[in-house]
Amino acid sequence: MSGESTYTPANGFTRWLDARLPILRLVNDSFVDYPTPKNLNYWWTFGAILSLCLAVQIVTGIVLAMHYVPTTELAFASVEHIMRDVNYGWLIRYVHANGASMFFIAVYIHMFRGLYYGSYKAPREVLWILGVLIYLLMMATAFFGYVLPWGQMSFWGATVITNLFGAIPVVGEALRTWLWGGFSVGDPTLNRFFSLHYLFPFLIAGVVVLHVWALHVTGQGNPAGIEVKDPKKDTVPFTPYATIKDGFGMVLFLILFAYFVFYNPNGLGEPDNYEIANPLKTPAHIVPEWYLLPFYAILRAVPDKLGGVILMFGAIAILFVLPWLDTSKVRSARFRPLYKQFFWIFVAVCLGLGYCGGQTPDKILIHVGDGGFDVTDLSRILTIYYFAHFIVLLPVLGLVEKPKPLPASIADSVLPGTRQDQATS
Amino acid sequence: MKTAMKSISRAVPLAAIAAIGFSLFSGMPAKAAEGEVAPIDLQWSFEGVFGTYDRDALRRGYKVYKEVCAVCHSMQFVHFRNLGEPGGPEFSEGQVKALAAEITVEDGPDANGDMFERPGEGKDPFPSPYPNPEAAAASLGAAPPDLSLLAKSRAGGVDYLYSVLVGYEEAPEDFELTTGYYNKYFPGHMIAMPPPLSDGQVDYEDGTPNTVEQMSRDVSHFMMWAAEPKLEQRHRMGFQVLIYLVLLSGILYFAMRKVWADQH
């Protein structure tokens, strides 16, 4: 789909440069003339939105690092210094802190979009795997970053997560000590987390380049889930068509972002993190940030610590092999009546796991006599369903489901009256 | 046109899903455990898009803090100079100097290597009553928390602070009070802090009745400012940013329709 380059240098300088470093040709072929399926909907603007999120996090993060001090003695106070004394420091920190949440809301929408429209299927398996890798790096980055303000949740969250590595047989204890740089979460831990928190966004940026490269080799998927047949009829040039649409999507997203930054800047955080870390005082409830809650629920659902750790990481690892678990040849859920229903159940299960992760495990949901059905019970059912979705449902659905007829071409699919799913999309 | 309207109508559920997702996760991390009573929900002048602090309430609240709270509690991240900054109590320069000069600060070393004492200045933080939390715990039984961020570090925020201050009552008969005092709103109901306020305790110069409720309200207001001194600036800028973004989204929307017109 990338096809032949359509770039023609306009003047002497660009001709000279093109013969030496064809960077303008690259930009032109990637972001200007790049053929884009004309039937993309707003769920496809989240790629651009995510690029924006990464840029915002890097820029605000670099400024914050100019004022932040990564020692247990001064970290908390330096964050308050940023909030109170640095010019617009409160703005930069609130953008960065809420930016992390915005980044995750965007990445979850982007990933569920991929699941709904079968974006991971051949020939886009590598594109999908790179995306999962970015997601994994994002979670690590967010975890490191959350430790830096050195509040109560920073400290206790770091203690809980690093202790998970202690569950690994034989080498666990040694590994944990090595991660800490001591015998508990302390100064060396904070300092290395700061270093890694600064490094990882650039790793993400590197994998994003690969992700976009892979995208431009295979071409974008689209809601109809069929390949481009006639580029003239089925596609439009990226600029101006996709650029303006992405721009519009980005501004709508920024409105949500601005609401949180300016009117509810602490709504997505834990109040406890405004209390300085105290190793002698364990908070009543240790909870991670909202975007990690589903995995926290899976971790706690398993009675055995090592088993919980394996399932928690397995919940992410299984995404890497997703392209080979789904046996259906049809990509888009629009034409897969059964999968479409199971997709929405899966979304509900993920939200349910998130809910469980935020509650105390012994909270009773349905009272029966003295005991009843508690959060742990619900987490267990949802965890089993989460894995069953990938291991049982996806392989079986592809074999038993009778897909609806696919449109003849992308151009056909956008002509009024021929869309199969007017009522449901 | 129709297609354009359809595409915008598809962006709406997207925002709705995001909002639902947020409220699902953020609204209810496990907080309503046993022994916790939801705080009294008060109206505050700093709430809402155009919310600002009430200068008079902040000044009264500062007086309550200084005469009552500061006896046991520190407020280490707030400096005297902050009292004169925009968006706070906005004391005049002379008042800030006078308030700061009421304390004595150890400074130095001087040219001879000796420490010396001087009157407080704007740059000094509010004085801490104890040199360290250990000394406070040794003297009071438990170290009182620093008040700089209490309005943000407690679930329920400023409503919770007010509720605890007015929430002292007789322990119910079936409640076994093993230590401290019974407080309706404090998690677990047993609080080490004795009831700090009584009617008429702090002299109000502006004629406001100095009841426990009023003083609690004022000092909570003051602690909110101490925790969030840039709130007014944030609200103002947020409104400008939102206006800008809404206008920009309108322009982009119509530009997009124009660009896509030949495709539909």
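1. A residue is called buried if 20 or more other C-beta atoms lie within 10 Å of its own, exposed if 12 or fewer, and partly exposed in between, with C-beta atoms placed from the backbone. Helices (H or I, at least four residues) and strands (E, at least two) are DSSP runs, numbered from the N terminus. By these terms, helix H4 (residues 75-84) of chain A is mostly covered, as seven of its ten residues are buried. The buried residues of H4(A) are Ala75(A), Phe76(A), Ser78(A), Val79(A), Glu80(A), Ile82(A) and Met83(A). Their cover includes helix H3 (46-65), H5 and helix H9 (187-218) of chain A.

2. The model is predicted: local features need pLDDT of at least 70, side-chain atom pairs count only at pLDDT 80 or more, and totals for chains, interfaces and linings use all residues. Residues are numbered from 1 along each chain as its sequence is written, while chains are lettered from A and ligands numbered from 1 in the order in which they are written.

3. Chain A has 17 helices and four strands. Its radius of gyration, taken over C-alpha atoms, is 24 Å, close to the 22 Å that the globule rule (2.2 Å times the number of residues to the power 0.38) gives for 425 residues, so chain A is as compact as a globular protein of that length. Along the principal axes, the C-alpha atoms of chain A fill a box of roughly 65 × 65 × 45 Å. Of the 425 residues in chain A, 42% are buried.

4. Domain bounds come from an automatic or database domain assignment, which divides chain A into domain 1 (1-33), domain 2 (38-286) and domain 3 (293-410). The C-alpha centres of domain 2 and domain 3 of chain A are 23 Å apart. Two residues are in contact if their C-beta atoms, placed from the backbone, lie within 7 Å. On this basis, 28 residues of domain 2 of chain A are in contact with 22 residues of domain 3 of chain A. On the domain 2 side, H6(A) gives the most, with five residues. By class, that side has 15 nonpolar, six polar and seven charged residues; Ala, Val, Leu, Ile, Met, Phe, Trp, Tyr, Cys and Pro count as nonpolar, Asp, Glu, Lys and Arg as charged, and the others, Gly among them, as polar.

5. A nonpolar core is a set of buried Ala, Val, Leu, Ile, Met, Phe, Trp, Tyr and Cys residues joined through C-beta atoms within 7 Å. The largest such core has 80 residues, and those with the most contacts inside it include Ile49(A), Phe103(A), Trp150(A) and Ile298(A). Helix H5 (residues 89-116) of chain A contributes the largest share of this core, 15 residues. At least three residues of the core come from each of domain 2 and domain 3 of chain A. Apart from it lies another core, of 35 residues, among them Ala57(B), Cys69(B), Phe126(B) and Tyr162(B).

6. Helix H16 (residues 375-400) of chain A bends by about 50 degrees at Ala388(A), the bend being the angle between axes fitted to the seven residues ending there and the seven starting there. Buried residues of H16(A) include Val375(A), Leu382(A), Tyr386(A) and His389(A). Among the elements covering the buried residues of H16(A) are helix H13 (305-320) and helix H15 (337-358) of chain A.

7. Between the chains, 41 residues of chain B are in contact with 41 residues of chain A. The largest share of the chain B side, 16 residues, comes from H8(B). By class, this side of chain B has 28 nonpolar, eight polar and five charged residues.

8. A cis peptide bond, with omega about 10 degrees, joins Thr239(A) and Pro240(A), and Pro240(A) is found in helix H11 (residues 238-263) of chain A. Another cis peptide bond joins Gly108(B) and Pro109(B), with omega about 0 degrees. Phi of Trp150(A) is near 60 degrees, a positive value in a residue other than glycine. Trp150(A) is buried, with 23 other C-beta atoms within 10 Å. Glu90(B), also not a glycine, has a positive phi of about 55 degrees, and Glu90(B) counts as partly exposed, with 15 C-beta neighbours inside 10 Å.
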